[in-house]
Amino acid sequence: MREDMSTVVCVKGEEEEPGEKLSQDEIISRTKQVIQGLDALKQEHHAILDGLLGTLRCLKRDDEEGGVPAVEEKSHMIRKSLEMLELGLSEAQVMMALSAHLSSVESEKQKLRAQVRRLCQENQWLRDELAGTQQKLQKSEQSVAQLEEEKKHLEFMNQLKKYDQDLSPSEEKDSDSSKENLDDLFPDDHDDQAQGIQPSHGSAAAAAAQQGGYEIPARLRTLHNLVIQYASQGRYEVAVPLCKQALEDLEKTSGHDHPDVATMLNILALVYRDQNKYKEAANLLNDALAIREKTLGRDHPAVAATLNNLAVLYGKRGKYKEAEPLCKRALEIREKVLGKEHPDVAKQLNNLALLCQNQGKYEEVEYYYMRALEIYQTKLGPDDPNVAKTKNNLASCYLKQGKFKQAETLYKEILTRAHEREFGSVDGENKPIWMHAEEREEQSKGKQKDGSPFGEYGGWYKACKVDSPTVTTTLKNLGALYKRQGKFEAAETLEEAAVRSRKQGLDTAHKQRVADVLGEPEAREKQRSRESLTPDTVKYESGPDGGEEVSMSVEWNGQA
């Protein structure tokens, strides 16, 4: 036993030289060795103690009193030695526990240091972001101040010049065609309310909010209105960076696969489309379509809106066969989600009809237009502007097929309804303009041309507040049809009425375009060249849901 104790002490003495510094791992390793040695000594001491106790019992049994004290003394020494070993083992266990605690403390210390480093980095990033935001704020304040000055200048100029009355006849004609091409087949909610019509059906985006739980944020709608304003002025150098910056911010905050990102892609695609950058617009719309199908589902109304935009884009490029299945799928989604009698379904039917008309599928065209017309008349009433516009489109289909009588009937229905809406039922004294035109035609054939001024037989177009591009277009189309039939006097009458109707609407629109008319002739000319389209072609305008959708319409030039 003494030899084992001396061995442990010698080993410990050999390993621990004075002044030697041990690492934490070395201390733990040597402590474990000491624990093993002490445990071995403890076992040996127990064995020796058991042997002494057995000897002591034998001596007492044999009555050998002389050896008992010596054995008891040895037993006492062994017990003391065991107590010391137990104490050493306890101390070693405490050292091991302390070492484990120090390790955990060091680990927590490293974690805290890492957190401090990360917080320092985030703090520096926030400082940089704050500095950048402050710079942007300063630039925005400068821009606001500049716009305020421009606004004051325009208000002053508007007081000096109420209207641009010095336009030459050719310029007036160009302005007329540009205004007509700007008129969308399906007006937005603002236009509806201006005409006293309640937009009960809403837009595809509103339906999406109701049906699918996703609603286009108000900030994106506001941004769309701002972008459209810049684009309408031809200021694409402002509109495009504005869209890209908003798209970048959305992707940083929400990730690429988010419905808001898809909405922003739609808006940017429409700007590219107006710049005739069809390839870039198609790529953006396809990306938006993939995001919406992934996040909202394949049968969501927002997916239908993107499909419709793609179809219109293909139609604008003359790819009618590629556009037709996209338009049909959009129609299926809307019928499934909104119901087959919803006004948005009628709008999709109009677009699909025009695509088929450009492919010569006239039977399908008539079916789609008739169905759209029935929906509008049933859901929105016979006085809704969409009813007249759809009738106008259906008449253009009849003209393409040489069905002039059916087209003439529709044009007369449009003009008669507009007259009744303003002046009541038609009778012998209260006649619509087309009746006056035909009476004047009969008088001219009888060589008794009416010399009365225009105001007596068509004054309602001058007196009433009919600010409807559809009425103006109908007057022109019916006039062209009269010319084809050889009714030149009637055609002239309708053309004069169209001029009056156009001027009535121009007075209202001029207030909104005063900046372009008075101070930005180059931007106005760019606007005309961008939006002027040849007859019998597709027209693409912004839709009602915050830049989400576009529609198509058609106008006839008198040639079948």
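**Touring a few helices**

Visitor: Which residues does Glu408 touch, not counting those up to four places away in sequence?
Guide: This is a predicted model, where local features need pLDDT of at least 70 and side-chain atom pairs pLDDT 80 or more, while totals for chains, interfaces and linings use all residues. Residues are numbered from 1 along each chain as its sequence is written, and side-chain values use heavy atoms, leaving out hydrogens and water. Touching, or contact, means heavy atoms within 4.5 Å. By that rule, Glu408 meets Glu438, Leu478, Leu481, Tyr482, Gln485 and Lys487.

Visitor: Is Glu408 buried or exposed?
Guide: Find Glu408 in helix α16 (residues 404-423); helices here are DSSP runs of H or I with at least four residues, numbered from the N terminus. Buried means under 20% relative accessible area, exposed over 50% and partly exposed in between, using a 1.4 Å probe and protein chains only. With a relative accessible area of 5%, Glu408 is therefore buried.

Visitor: Which side chain forms a polar contact with that of Glu408?
Guide: A polar contact pairs N or O atoms within 3.5 Å; within protein, one must be able to donate a hydrogen and the other to accept it, and sequence neighbours count only if both are side-chain atoms. At 3.2 Å, the partner is Gln485.

Visitor: Are α10 and α11 roughly parallel or antiparallel?
Guide: Axes are lines fitted to C-alpha atoms over the stretch in contact, and angles run from 0 to 180 degrees between N-to-C directions. Under 35 degrees counts as roughly parallel, over 145 as roughly antiparallel, 65 to 115 as roughly perpendicular and the rest as oblique. Helix α10 (residues 278-296) and α11 pack at about 160°, their axes 9 Å apart. The pair is therefore roughly antiparallel.

Visitor: How do α11 and α13 run relative to each other, and what is the handedness of their crossing?
Guide: The axes of α11 (residues 301-316) and α13 (residues 343-357) come within 11 Å and cross at roughly 25°. The two are therefore roughly parallel. A crossing is left-handed if the near helix is turned anticlockwise from the far one by less than a right angle, right-handed if clockwise; this one is left-handed.

Visitor: How many charged residues does the contact of α11 with α13 have?
Guide: Asn308, Ala311, Val312 and Gly315 of α11 meet Gln348, Asn351 and Leu355 of α13. Ala, Val, Leu, Ile, Met, Phe, Trp, Tyr, Cys and Pro count as nonpolar, Asp, Glu, Lys and Arg as charged, and the others, Gly among them, as polar. That contact has three nonpolar, four polar and no charged residues.
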